[in-house]
Amino acid sequence: MAIGYSIILGVVGLVTFVHGEVIVYGAFTGFYTLLLSRGNVALALLAGFAASWILGVVVNKICYQPFQQRGREVALIATIGLSITLRSSAQVLFGTQQKFMPDMFQNRFFALGDIRIAYTQVFVFAVVFGLCLLLQRIITKTYFGMALRAVSMNKKAAALLGLDVNRAILLGNALACGLGGISGVLLGMYYNAIHPLMGASMAMKAFTATVFGGLGSITGAAIGGFLLGIFENFAVAMLSSGYRDIVAFLILIAVLIAKPSGIMGRRGVELS
Amino acid sequence: MAASTIKIGLSAPITGNYAEFGENFQYAVQMAAEKINAMGGIRGKNIEVIVMDSKSDPKEAAIIAQRFAQDPEILAVIGDFTSTASLAGAPIYERYGVVQLSPTASHPEFAPSGKYMFGIVGTQDAEGPFNAKYIAKEYLGINSVGIIYINNDWGNVTKDRFAKAAEENGIKVTMAQPFLEGERDFNAILTKIRQTNPEGLFIAAMYNEGSLICQQIRKMGWEVKLLAPSSVFSDSFIKLGGEAVEGVVTNTFFALNDPDPRVQEFIQEFRKRAGRDPNLHAACAYDAMMLIAEAIKRAGFDRKAIRDALAETKGFQGITGSITFTPVGDVVRKYKIMVVENGQWVIKRDYTRD
Amino acid sequence: MKPARKSIVLIGLGAVISLAIPLFLKNEYLLRVATIALLYVLLASSLNIINGYSGQFNIGHAGFYCIGAYTSAILAKKFGLSFWVLLPIGGFAAATSSFLLGIPTLRLKGIYFAMTTLGFSEIVRLTVLNWQSLTRGPMGIPGIPSPELLGMQFRSNAHFYYLILGINALMLFLTSRVLGSRIGRAWSAIREDEAAAQAMGIEVFRFKLLNLAYGAFWAGIAGCFYASFASFISPDSFTLDEGFSMLAMVLLGGQGTLLGPILGATFLTILSETFRTIAQYRLIIYGVAILLTIHLRPQGIAGSVFLRQIETARESFQVSFTKESEVDVSYS
Amino acid sequence: MFPILETRDLCRHFGGLRALENVSMQIWEREICGIIGPNGAGKTTLFNVITGFLRATRGDVFFQKRSITNLPPERIARLGVIRTFQNIRIFKHMTVLDNVKVGFHTQTSTRLWDALAHTAVFRRDEDKVTEESFRILKEVGLAQEANNLAMNLPYGMQRKLEIARALAANPLVLLLDEPAAGMNPKETEDLVSFIRQLNGWGLTIVVIEHDMKLIMNVCHRIIVLNHGKKICEGTPKEVQKDQQVVEAYLGRSSDLT
């Protein structure tokens with residue numbers, strides 16, 4: 001189920017180089033919580049969220065806020081630096097080995113014809129779907145969401161309207177990282193395993209899915225992830241699995257050329 | 001030689017994607033060195049291990065090679081982990097005449113690439129036919145097999161040698177599909193292979209990816225006989241794979257339940273230091289250190305003499321079994337067939353004593 | 001005339017020091033590190049030509065590097081071509097590939113273009129990985145012959161050091177000539193303000209393409225050099241991370257200056273080498289060092305242009321991305 | 001006698017918004033023509049469409065009897081239609097001299113090879129460009145600043161630099177978009193005489209301006225736009241008397257003195 005995987009990541013949608021590490025730290029926090037609480041999944045998700053939220057605040061303090069007047073390239077380099085630091089620290093902190101994540105449903109499944117669907121899969125999808133809805137509501141209905149959208153469209157105008165831009169960016173980034181943490185925990189549950197270096201490839205997928213679906217659009221990111229999964233599966237089925245990622249990148253470039261704002265994207269979104 | 005210690009270089013991936021394996025090297029080599037030192041060292045001198053982190057990046061491995069090679073106090077080098085990194089350092093070690101003994105490089109081109117290049121894990125030239133003939137044909141009795149392999153140098157060679165040997169033994173290879181390092185989701189690939197309906201599936205992967213593959217196979221509800229090269233042979237494989245890896249067949253020449261007291265001593269000590277069970281790689285790294293110590297004991301403190309002594313090694317009894325170098329510097333290994341039963345590795349057949 | 005004299009003195013000093021290094025640096029290992037540092041100087045400088053001078057955001061430079069390396073390695077092994085023939089061929093192969101990338105994508109702006117370069121770089125690497133009949137895939141290509149000059153085989157690190165030093169000098173010499181011409185001015189104008197450049201009659205697309213190809217050319221040369229220097233190449237050496245570290249060198253050194261990438265590349269190479277013995281903490285320190293530098297000197301070590309250039313990049317970014325504001329502009 | 005620059009029924013719509021609607025106008029050789037109108041009248045849009053920065057929804061633009069409708073901006077610039085921008089768009093981090101040198105782009109032909117080998121073409125181009133650039137800088141009074149970064153110039157000088165750069169591009173028609181915006185009265189006065197001087201050299205000039213004093217002083221003819229339509233055209237005197245213009249500027253009639 002490459003599809004589910006991509007959706008989880010697609011929802012996150014931040015273009016930085018630390019996001020993979022955020023996912024990893026979230027996943028490991030969730031993992032240790034799960035061990036300590038003897039399988040309390042809700043608590044693990046919450047802990048993953050909280051840890052990554054905090055990490056998001058740190059990222060903001062180190063990589064974004066000091067360079068707000070400098071532009072995105074400097075911030076980008078800062079995220080590269082932080083990413084290297086966090087990744088190597090993760091290996092020291094969590095050990096270099098892959099860790100086994102217990103399955104809360106003991107690998108039970110139900111069959112739909114020939115297809116087996118594990119309860120874990122259902123659970124992961126349910127959580128993702130719920131989060132999507134919740135996020136959509138937050139973004140469209142609450143004051144915070146509106147501030148976030150205003151800031152993402154035009155920082156200067158938002159500041160003129162009396163919004164606390166810094167705060168909005170901070171919270172937005174923390175929220176996105178928090179979600180990254182949850183997705184890390186969910187991915188761990190989905191595959192029963194987590195690894196301190198799994199971040200890079202996951203962040204790459206998230207990145208692709210996000211571009212694919214459209215920057216700054218939640219539905220777009222989800223659909224982007226979904227379509228990316230389908231395309232990848234097609235590529236494996238039609239060609240060889242070796243060419244899967246090539247196809248994914250070719251599609252990415254094609255989408256960018258044809259419609260840079262992505263499938264569901266709107267213009268006027270400033271990347272954070 | 002004025003120095004009071006013997007310096008041995010260790011080039012290993014302490015950071016990066018293979019950090020786990022690099023760590024194993026470090027623990028094992030250090031243990032071997034300390035053991036030798038505790039028994040009085042070699043010719044009155046203690047061994048000192050100089051560790052350099054290569055990330056198993058060929059470029060960095062070459063830099064390390066340069067650093068070790070030009071330092072006259074470094075008598076021999078153990079490393080690197082991957083065949084590509086080992087090959088990258090090879091020309092430099094060769095030029096300076098320093099032994100590079102890789103515990104894990106299994107690429108058939110590695111050891112023959114130079115006089116000073118040695119590998120002890122046994123190449124796929126030997127393991128491929130063993131897997132095909134003894135495991136696939138005789139033990140499992142299958143007539144067709146699919147292959148999923150990791151797309152790096154090791155995976156490719158492993159796939160090629162196994163596929164060739166399988167065909168020679170009358171086993172049809174229905175399909176071979178690669179996956180990239182760090183991959184987490186194998187469903188699409190597995191579905192594709194499943195459509196060709198093989199009786200068995202050969203999983204050429206490290207234990208971590210291997211366990212994921214097994215789990216996803218079970219989740220798909222695909223009943224297929226699973227076999228894998230020795231790379232999956234570790235406790236972590238069972239810990240990670242759980243029920244899904246039940247019945248997976250592989251081979252090894254190093255087993256945790258080997259009654260040999262030296263093996264048990266190594267395992268206990270390794271557990272104490274690393275907090276986990278040693279795997280084949282660690283054992284090979286341990287033997288590599290022991291081999292070099294043995295060669296120095298016979299040859300003295302000269303790089304060229306060490307090389308010659310090493311090449312003459314015959315019937316060295318290591319914790320991974322008996323080691324005799326072929327003329328090119330490889331070792332032809334004999335294997336045990338191992339199967340996961342009730343969450344334990346069980347020895348099914350043992351060819352190492354033949 | 002003063003600044004010109006100062007820079008001549010600087011260049012002279014740099015030349016003397018770099019020429020003399022192998023004379024007092026008898027240590028082969030350090031020479032090898034110096035050679036690698038110079039290789040990165042070449043790579044970072046060629047990336048800087050693209051990112052710093054025409055203001056495009058290329059984060060997949062490793063792709064061009066890879067193409068240069070593999071082109072020359074394969075031709076050397078298959079046809080036994082000499083290094084000196086392969087050097088330009090590798091460069092032109094990379095430049096040609098940049099057309100393939102640039103023609104469809106150069107109209108994209110900022111981060112969108114950046115993402116296509118990233119995709120390009122991965123496509124190149126994965127193609128090399130999968131096209132095993134040509135590239136031997138993950139097994140890599142060993143035994144690439146080293147260059148020969150007037151019957152002398154390049155063997156020692158000092159030989160290679162002087163070779164890459166010469167290539168770098170040539171690159172800097174030629175690049176400064178280009179930058180001082182109509183072409184260089186057109187690149188800078190495009191970086192500063194695309195619309196204004198157009199209003200001055202500059203064919204923006206053509207000059208961007210030329211810029212990308214020129215930068216890619218030198219990356220290809222660097223790849224060609226690396227192949228014969230290392231004598232073994234495999235796809236592991238051309239990952240995205242490789243491209244990112246080139247980017248870090250450019251930005252850390254100071255984008256848009258000739259000196260910046262030189263300092264950045266030297267600094268980061270030495271940094272990563274210094275801490276090799278502390279193994280697992282090495283990369284942590286490396287990352288922290290990048291963070292510290294960027295905090296202390298956001299404009300880069302040598303950067304003065306960089307700072308302000310970012311401002312314009314920001315402005316043009318906002319103008320081009322907020323359609324609403326575009327409309328506003330056109331009304332009043 | 002034909003107009004050097006002409007638009008026929010030029011339209012530009014943004015969605016439902018008609019920024020330009022059937023604008024037809026002629027610019028005659030060697031005249032100074034002003035374009036005025038309240039905010040949002042479509043003046044800059046008109047410039048953008050003429051110079052190719054925006055596509056025309058309908059209608060045509062002719063330059064020297066030749067259609068240049070929807071040609072890319074650089075082609076139009078090469079033909080000799082050169083513009084400045086409302087918000088100054090000089091190349092901030094290049095020197096003043098280099099800014100002007102960029103203006104010579106279309107008149108030079110150095111190719112990559114010429115630059116690499118410093119061929120005769122390169123030397124000829126560079127000699128010419130440097131000499132001419134200094135000449136232009138002297139004319140606009142910026143020669144002292146030649147090696148300063150453009151961004152360090154005071155505002156008024158930046159405006160001048162933008163015009164100098166435009167002059168370097170060998171314009172036949174010069175389109176100035178609010179050249180006096182942000183200038184103090186003294187600077188504006190200088191600008192007026194500068195524009196007259198340029199015109200005296202034989203340049204055709206079209207100028208958008210809100211400063212009515214400048215417009216009335218310097219222009220031979222004025223075109224008035226409102227809501228994307230041309231509502232009036234004539235000499236400054238005629239325009240001042242026009243009823244529609246007064247209405248368009250209602251409440252701001254004091255400007256029209």
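Analyst: Ser231(B) is buried, with a relative accessible area of 10%, where buried stands for under 20% relative accessible area, exposed for over 50% and partly exposed for what lies in between (1.4 Å probe, protein chains only). The model is a predicted one, in which local features need pLDDT of at least 70 and side-chain atom pairs count only at pLDDT 80 or more, while totals for chains, interfaces and linings use all residues. Residues are numbered from 1 along each chain as its sequence is written, chains are lettered from A and ligands numbered from 1 in the order in which they are written, and side-chain values use heavy atoms, with hydrogens and water left out.

Ser231(B) is found in the loop between strand 9 (225–227) and helix 8 (235–241) of chain B; helices (H or I, at least four residues) and strands (E, at least two) are DSSP runs, numbered from the N terminus. When residues up to four places away in sequence are not counted, Ser231(B) touches Trp154(B), Ala205(B), Met206(B) and Tyr207(B), a contact being heavy atoms within 4.5 Å.

Helix 7 (residues 207–220) of chain B has 14 residues and reaches 20 Å from its first C-alpha to its last, close to the 20 Å expected at 1.5 Å a residue, the expected span being 1.5 Å times one less than the number of residues. Of the 14 residues in helix 7 of chain B, 12 are buried, so that the helix is mostly covered. After helix 7 of chain B comes Gly221(B), whose phi is positive, near 75°. Tyr207(B) also belongs to one aromatic cluster, which it forms with Tyr18(B), Phe21(B), Phe25(B) and Phe81(B).

Helix 2 (residues 19–36) of chain A has 18 residues and reaches 26 Å from its first C-alpha to its last, close to the 26 Å expected at 1.5 Å a residue. With 14 of its 18 residues buried, helix 2 of chain A is mostly covered, and it is followed by Arg38(A), whose phi is positive, near 55°.

Aromatic rings deserve a wider look. A pair of aromatic rings is described by the distance of the centres and the angle of the planes. Rings of Phe, Tyr and Trp (its six-membered ring) pair if their centres lie within 6.5 Å, and planes under 30 degrees apart count as stacked, over 60 as edge-to-face and the rest as tilted. By this rule the count comes to 36 aromatic pairs over all chains. The rings of Phe64(C) and Phe120(C) have their centres 5.2 Å apart and their planes at 45°, so this pair is tilted. Because Phe64(C) lies in helix 3 (residues 62–79) of chain C and Phe120(C) in helix 5 (residues 110–130) of chain C, the pair ties together parts that are 56 residues apart in sequence. Phe64(C) is buried at 1% relative accessible area, and Phe120(C) also counts as buried, at 11%.

Another pair in chain C joins Phe160(C) and Phe225(C), with ring centres 6.0 Å apart and planes at 75°, so the pair is edge-to-face. Phe160(C) lies in helix 7 (residues 157–179) of chain C and Phe225(C) in helix 10 (residues 204–230) of chain C, so parts that are 65 residues apart in sequence are tied together. Phe160(C) counts as buried at 3% relative accessibility, and Phe225(C) counts as buried at 0%.

Rings also meet charges in chain D, where a charge sits over a ring if NZ of Lys or CZ of Arg is within 6 Å of the ring centre and within 35 degrees of the ring normal. The charged end of Arg89(D) sits over the ring of Phe85(D), 5.0 Å from its centre, and that of Arg165(D) sits over the ring of Phe91(D), 4.5 Å from its centre.

Cysteines complete the view. With a disulfide taken as a pair of cysteine sulfur atoms within 2.5 Å, the count comes to zero disulfides over all chains. Cys66(C) is in no disulfide, and the nearest cysteine sulfur, that of Cys224(C), is 13 Å away. Cys66(C) counts as buried, at 2% relative accessibility.
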